[in-house]
Amino acid sequence: MMWHEWWVWIAAGVVLAILEVVVSGYVLLGFAAGAVLAGVLLALGVLGGSLPVMLFVFAVASLVVWFVFTKAFGLPNDNVKVIRHDINEN
């Protein structure tokens with residue numbers, strides 16, 4: 001199967017990272033990092049090539065990266081930025 005090849009995971013990570021440029025909000029960047037990490041671990045021989053293990057590593061890495069990016073680049077205190085002034089009004 002194709003999912004047992006390390007380059008497929010790396011390619012999926014690159015495609016997800018490129019899509020993150022189009023769809024902002026750090027949604028796909030966590031998935032991209034998880035896919036790249038799974039590909040690197042598969043290339044190094046750390047993962048045995050079993051699909052459930054690779055999916056588990058992908059899911060955990062994606063979740064961790066998403067939390068880290070949310071904390072690092074998110075607004076303080078999880079506030080939503082609200083703009084109350086309209087630039088078109090005097």
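Helix H1 passes helix H2 in a left-handed crossing, a term used when the near helix is turned anticlockwise from the far one by less than a right angle, with right-handed for clockwise. Helices here are DSSP runs of H or I with at least four residues, and strands are runs of E with at least two, numbered from the N terminus. This is a predicted model, in which local features need pLDDT of at least 70 and side-chain atom pairs count only at pLDDT 80 or more, while totals for chains, interfaces and linings use all residues. Residues are numbered from 1 along each chain as its sequence is written, and side-chain values use heavy atoms, with hydrogens and water left out.

H1 covers residues 6-22, and its axis comes within 7 Å of the axis of H2, which it crosses at roughly 160°. That angle makes H1 roughly antiparallel to H2, since angles over 145 degrees count as roughly antiparallel, those under 35 as roughly parallel, those from 65 to 115 as roughly perpendicular and the rest as oblique. On the side of H1, the contact (heavy atoms within 4.5 Å) is made by Trp6, Trp9, Ile10, Ala12, Gly13, Leu16, Ala17, Leu19 and Glu20. On the side of H2, the residues that take part include Leu28, Phe31, Ala35, Ala38, Leu42 and Ala43.

## How H2 meets H3

Helix H2, made of residues 28-44, also packs against helix H3, made of residues 51-73, at an angle of about 135° and with the two axes 7 Å apart. H2 and H3 are therefore oblique to each other, and their crossing is right-handed. From H2, the contact draws on residues including Leu29, Gly34, Leu37, Ala38 and Leu41, while H3 brings Met54, Val57, Phe58, Ala61, Ser62, Val65, Trp66 and Phe69.

## Two residues at this crossing

Gly34 has its place in H2, and because its relative accessibility is 0%, Gly34 counts as buried (under 20% relative accessible area, with exposed meaning over 50% and partly exposed in between, for a 1.4 Å probe and protein chains only). Leaving aside residues up to four places away in sequence, Gly34 touches Phe58, Ala61 and Ser62. Gly34 and Met54, which are 20 residues apart in sequence, lie 10.0 Å apart in space, C-alpha to C-alpha.

Val57 lies in H3 and is buried too, with a relative accessible area of 17%. With residues up to four places away in sequence not counted, the ones that Val57 touches are Ala38, Leu41 and Leu47. Although Val57 and Ala38 are 19 residues apart along the chain, their C-alpha atoms are separated by 6.3 Å.

## The nonpolar core

The largest nonpolar core has eight residues, namely Trp9, Ala35, Ala38, Leu42, Leu47, Met54, Val57 and Phe58, and such a core is a set of buried Ala, Val, Leu, Ile, Met, Phe, Trp, Tyr and Cys residues joined through side-chain atoms within 4.5 Å. H2 and H3 each supply at least two residues of this core. Ala38, one of the core residues, touches Trp9, Leu47, Met54 and Val57 when residues up to four places away in sequence are not counted.

## The protein as a whole

The secondary structure of the protein comes to three helices and zero strands, and from the N terminus on, its elements run α-α-α. Of the 90 residues in the protein, buried residues make up 21%.

Conventions: Axes are lines fitted to C-alpha atoms, for helices over the stretch in contact, and angles run from 0 to 180 degrees between N-to-C directions.
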